[in-house]
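Please look through the sequence and the model below before reading on.

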Amino acid sequence: MDAQQLSEVESWVDAYGSAARDLEAGSAAAVWAAYAAIRDWYDPRQTVAAAAEAAGLATRMLAAIDGLVAAYQGNVVGILTGRPLSRVRTPELEYPRRGHVDPRVVYDRPVWTYRDTVARGGAESEAFIAARVHAELLAGTDAMLAERDATVITLKRHEIKKYRRVVRPELSQTGTCGLCIAASQQVYSIKDLLPLHERCKCAVLPIVKGNDPADAMNTIDIAQLGADAGGKSRNELTRTRYRVDEHGELGPVLVPRKAKPVTATAAWDDPARAQKELDALLPVLASLEARSAAGEDVTGPLEYQRTRIAKLRGLLAA
């Protein structure tokens, strides 16, 4: 691969990164707008409608990601092979979370984040922010997973066998994490899904006939990262130990080697966790009951607290 080819590939990576970032930001803003219209976070009519609208917006985003990935990877393959771009259309993407999960169920989670924050004594303003962070994270994660699926499909259509992840430190507020730097040293088979992590910004570049542009780009990026980090060597920056766990919803994910196993959902039936939550909720319930007795309308939070406490007590009594 000559310098001209590498320069052209870098241009496509930059363009793709910018477009993907704008797409994800637009999707996150649209998804949050569905929740921002909620006036009563305990009214099932409002919350179910908001979750359904958010799920629909996230699902419609798949078509845009499909086209973006197809154009990016198709042009890169064209540069590396020296052949004109072959217009490869990827099939319509399915919702990218594993386990046949319903997107409406996924996008109901910010509602419960709001309620749980209030249930633990948080102010409504705090709960609102927590719900927003959760909603935007869900949209970003779905975009990331869809990019991964579209990439695998597109590269298979181009008969690519191997690929490498390319770090993009300029797309992250805190720079590239050690997990991504270490994983960028690994060549992946196209049969393997790319391991990701929360808010991962890595792109993917194919390896064609020994041409491995990501390796060259990563060498440059890691050298700059080393200079920015006080002169750390490439070995120091790639020394992070990681493993790949299988997440029930997200597929393969990167985690530190000593981290606890990743699971799709929290252990809600764990007695120790249930007792801890119950201990936190009882004083809040007493406060809500006192406010209700004084004439304040706290019907929604009060009903939620009583229902949740009854469920926790039932779990502990089982």
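A residue is called buried when its relative accessible area is under 20%, exposed when that area is over 50%, and partly exposed in between, as computed with a 1.4 Å probe on protein chains only. The model is predicted, so that local features need pLDDT of at least 70 and side-chain atom pairs count only at pLDDT 80 or more, while totals for chains, interfaces and linings use all residues. Residues are numbered from 1 along each chain as its sequence is written, and side-chain values use heavy atoms, with hydrogens and water left out.

We begin with the interior. In soluble globular proteins, nonpolar side chains tend to be buried together. A nonpolar core is here a set of buried Ala, Val, Leu, Ile, Met, Phe, Trp, Tyr and Cys residues joined through side-chain atoms within 4.5 Å. The largest such core has 42 residues, and those with the most contacts inside it are Val9, Tyr72, Leu155, Tyr163, Leu205 and Met217. Among the elements that each supply at least two residues of this core are helix H1 (3-36), helix H2 (44-81), strand E1 (162-166) and strand E3 (203-207), and H2 gives the most, with nine residues. Helices (H or I, at least four residues) and strands (E, at least two) are DSSP runs, numbered from the N terminus. Leaving aside its neighbours within four places in sequence, Tyr72 has contacts, meaning heavy atoms within 4.5 Å, with Trp12, Val13, Tyr16, Ala203, Val204 and Leu205. Apart from this core lies another, of 36 residues, which includes Val101, Val106, Val111 and Leu278.

Strand E3 deserves a separate look. In a regular strand the side chains alternate between the two faces of the sheet. From E3, Ala203, Leu205 and Ile207 point one way and Val204 and Pro206 the other way, and all are buried. E3 pairs with E1 in the antiparallel sense over five bridges, where two strands pair if DSSP finds at least two bridges between them. Lys162 has Ile207 in E3 as its bridge partner.

The aromatic rings come next. Rings of Phe, Tyr and Trp (its six-membered ring) pair if their centres lie within 6.5 Å, and planes under 30 degrees apart count as stacked, over 60 as edge-to-face and the rest as tilted. The structure holds eleven aromatic pairs. One of them joins Trp41 and Tyr114, stacked at 4.4 Å centre to centre with 10 degrees between the planes. Because Trp41 lies in the loop between H1 and H2 and Tyr114 in helix H4 (residues 109-119), this pair ties together parts that are 73 residues apart in sequence. Trp41 and Tyr114 are both buried. The pair of Tyr163 and Tyr188 is also stacked, because the ring centres are 5.7 Å apart and the planes at 20 degrees.

Finally, we turn to the charged side chains. A salt bridge is a side-chain nitrogen of Lys or Arg within 4 Å of a carboxyl oxygen of Asp or Glu, and by this rule the count comes to ten. Arg104 forms one with Asp102, the closest N and O atoms being 2.8 Å apart; Arg104 is exposed, with a relative accessible area of 51%, whereas Asp102 is partly exposed at 27%. In another, the side chains of Glu289 and Arg306 meet at 3.5 Å, N to O. Since Glu289 lies in helix H9 (residues 271-293) and Arg306 in helix H10 (residues 299-317), this pair ties together parts that are 17 residues apart in sequence.
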